[in-house]
Amino acid sequence: MKDKNKVKILARSIYLASQNKTHRDLETVAANFSGYLKKHHLEKLIPEILTELENIYLAEQGIVAAQVSSTQKLSDTTLKHIETLLHSRSGKKVQIKSVLDQELLGGVSIRYNDKIIDLSLKNQLHNLTKQLNN
Amino acid sequence: MSYEYLVKSLQKQLSSFESKGQEESVGEIIEIGDGIAKISGLSDVMSSEMLEFETGHGQMVYGLALNLEEYSVGAIILGEYGDLKEGDRVRRTKRILSVPVGEAIIGRVVNALGEPVDGKGPIKTNDFYPVEKIASGVIDRQSVRQPLQTGIKVIDSIIPIGKGQRELIIGDRQTGKTALAIDTIINQKGKDVKCIYVAIGQKESKIARIVAKLEETGAMEYTTVVLAGASGSAPLAYLAPYAGVAMGEYFMDKGQHVLVVYDDLSKHAVAYRQISLLLKRPPGREAYPGDVFYLHSRLLERAAKLSDKLGGGSLTALPIIETQAGDISAYIPTNVISITDGQIFLETDLFYKGIRPALNAGLSVSRVGSAAQIKAMKKVAGKLKLDLAQFRELEAFAQFGSDLDEGTKQQLERGVRVTEILKQGQFRPLAQSLQVAIIYAVSNGYLDKVPVANLAAFESSLFTKLEAEAAEILANIEKTGELSADDETKLKKMIIELVDLEPKVEEEKKK
């Protein structure tokens with residue numbers, strides 16, 4: 001199995017193990033888990049596990065993590081607008097992370113869960129090429 | 001092409017373009033290799049849905065989702081996967097894989113996706129058929145009742161194939177399996193049957209030779225070759241027969257007749273085994289996955305004779321299986337034997353004895369039987385199978401001693417002659433009427449006096465004589481499918497006349 005799957009499984013297991021645990025027990029879980037990682041030489045996966053853990057936490061809390069990519073920094077009103085849009089679509093709380101990506105050429109691309117709303121110039125050019133080829 | 005025209009056509013094309021801000025499902029490749037990709041995300045993808053892989057250079061490669069697992073999706077990649085890498089984006093297309101169908105594909109060599117590979121330009125058609133489709137049900141079918149003429153004496157007389165039947169051609173390597181199928185395709189000339197030859201895992205040199213032969217005989221005018229060569233990837237070899245049958249179904253739905261040859265399904269099963277093992281499906285007998293029976297049954301079930309209400313079209317399937325050292329009890333041969341409506345057995349021993357087609361008449365059967373024969377053939381060939389069966393039984397006996405009674409000797413002589421007459425050269429399919437004439441001669445014992453060595457020469461002189469002097473008898477048989485009493489007397493007279501001209505067995509012995 002490739003690392004991505006391992007990361008997902010490990011993150012989910014530590015999440016489930018630490019659920020409803022009090023202060024002391026949490027420490028034991030953390031210690032056991034790091035022991036396990038060390039034993040199986042998985043230390044290098046720790047950053048990825050943490051990101052995945054964050055995703056799981058957000059999903060369980062009913063929060064959708066969304067990534068908004070654009071070529072220029074977006075104004076707060078635009079971001080707010082996107083947030084309400086995603087909220088109405090998913091019916092869940094939305095947490096937005098804004099990223100700059102010059103490859104998009106223009107427009108924005110919004111990604112949440114495994115969905116994407118691609119309004120970038122790059123994607124539109126791509127669709128146009130596809131149509132002209134047909 | 002003028003500048004204005006270019007601008008105008010571009011404007012026209014661009015006017016229909018609208019940018020859609022649609023929500024799409026995406027995933028990422030987490031593992032790739034050997035034509036198989038593992039993908040994360042795509043939580044709502046459906047089984048056998050087409051996927052779109054985007055390479056680093058922005059090119060598109062298509063794939064097919066086969067495994068839906070808890071955290072990942074397993075997909076086969078249709079085409080070049082060298083440019084794809086981990087982390088590349090994958091999109092859903094919400095479409096099932098389909099191939100172009102219609103008149104435009106006739107006479108072409110295409111790959112498993114229906115793309116031309118013969119360098120004769122693009123295929124222009126607006127019709128597409130899904131490669132995976134549920135076969136016609138009971139209500140949509142009727143029983144097989146028209147003959148599909150192979151032009152091969154031994155097949156048309158004792159194991160007739162009907163339109164809509166599935167007849168397996170099975171044998172070791174180098175026993176003439178492909179030759180039999182190609183002869184059948186060549187014989188469909190002018191009979192309004194569309195042919196589709198699906199080459200799975202074959203050497204491309206062999207395919208080039210076959211295509212050249214089909215072109216030379218004019219058979220390419222009604223034939224499509226679906227090619228998934230040995231150098232192609234396993235996913236394409238896996239898809240090719242389904243693509244071929246989809247192309248055939250189009251004509252069947254239009255009320256026409258189609259013949260599809262799958263050459264060969266052993267290599268198809270091997271390609272599917274490769275895909276299954278790479279997708280980590282558990283291996284079973286001979287390491288084939290559990291659903292290898294369904295793999296072939298769902299393909300061959302799509303052969304059908306449609307009811308008159310649906311146009312009465314038909315799709316005949318001739319699957320080919322290559323056995324290893326005559327072992328027909330291996331996994332794939334037994335599977336396909338049980339699926340099909342009969343089999344044609346070819347044997348190495350017979351082939352080297354000079355009996356070609358090297359068909360074992362005892363093990364070969366057609367479960368449709370005489371329903372798929374014209375009346376004239378039924379009349380003359382009825383005794384043939386019995387003659388052959390008795391001959392084989394006696395042949396073993398006769399080895400021990402020469403003290404045989406007259407009746408037994410007679411049967412042996414007849415058997416030898418029947419066997420000799422049923423030999424036939426490659427690329428020389430015969431019309432039904434000629435087959436009826438020669439089989440009439442041998443099964444009624446008119447040739448018992450002619451030396452075995454002269455039979456081949458006798459056959460060709462009979463055909464020349466018939467074509468020159470009795471063309472109306474041949475035309476009658478072709479037209480009505482029957483051998484009338486009148487024609488029979490004439491035919492009998494001509495045969496006897498011709499036999500009289502030949503040297504006789506007794507005279508030869510005296511010399």
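**Exercise 1.** Which residues in α12(B) meet which residues in α13(B)?

*Solution.* Keep in mind that this is a predicted model. On the α12(B) side, the residues in contact are L434(B), A437(B), I438(B) and A441(B). Their partners in α13(B) are E459(B), L462(B), F463(B) and L466(B). Sorted by class, this contact holds seven nonpolar residues, no polar ones and one charged.

**Exercise 2.** Describe how α12(B) and α13(B) are arranged.

*Solution.* Start with the elements: helix α12 of chain B covers residues 432-443, and helix α13 of chain B covers residues 455-469. Next, take the geometry: the two pack at an angle of about 125°, and their axes are 11 Å apart.

**Exercise 3.** Now turn to α10(B) and α12(B), and work out their packing and contact.

*Solution.* Helix α10 of chain B, residues 375-398, packs against α12(B) at an angle of about 45°, with the axes 9 Å apart. That angle makes α10(B) oblique to α12(B). The crossing here is left-handed. In the contact, α10(B) supplies A376(B), M377(B), V380(B), A381(B), K383(B), L384(B) and D387(B). Facing them in α12(B) are Q432(B), Q435(B), V436(B), I439(B), Y440(B) and S443(B). By class, eight residues of this contact are nonpolar, three are polar and two are charged.

Technical notes
Residues numbered from 1 in each chain as written. Chains lettered and ligands numbered in written order. Predicted model: local features only at pLDDT ≥ 70, side-chain atom pairs only at ≥ 80, totals over all residues. Axes fitted to C-alpha atoms, helices over the stretch in contact; angles between N-to-C directions. Helix = DSSP H or I, 4+ residues; strand = E, 2+ residues; numbered from the N terminus. Contact = placed C-beta atoms within 7 Å. Nonpolar A, V, L, I, M, F, W, Y, C, P; charged D, E, K, R; others polar. Parallel < 35°, antiparallel > 145°, perpendicular 65-115°, else oblique. Left-handed = near helix turned anticlockwise from the far one by under 90°.
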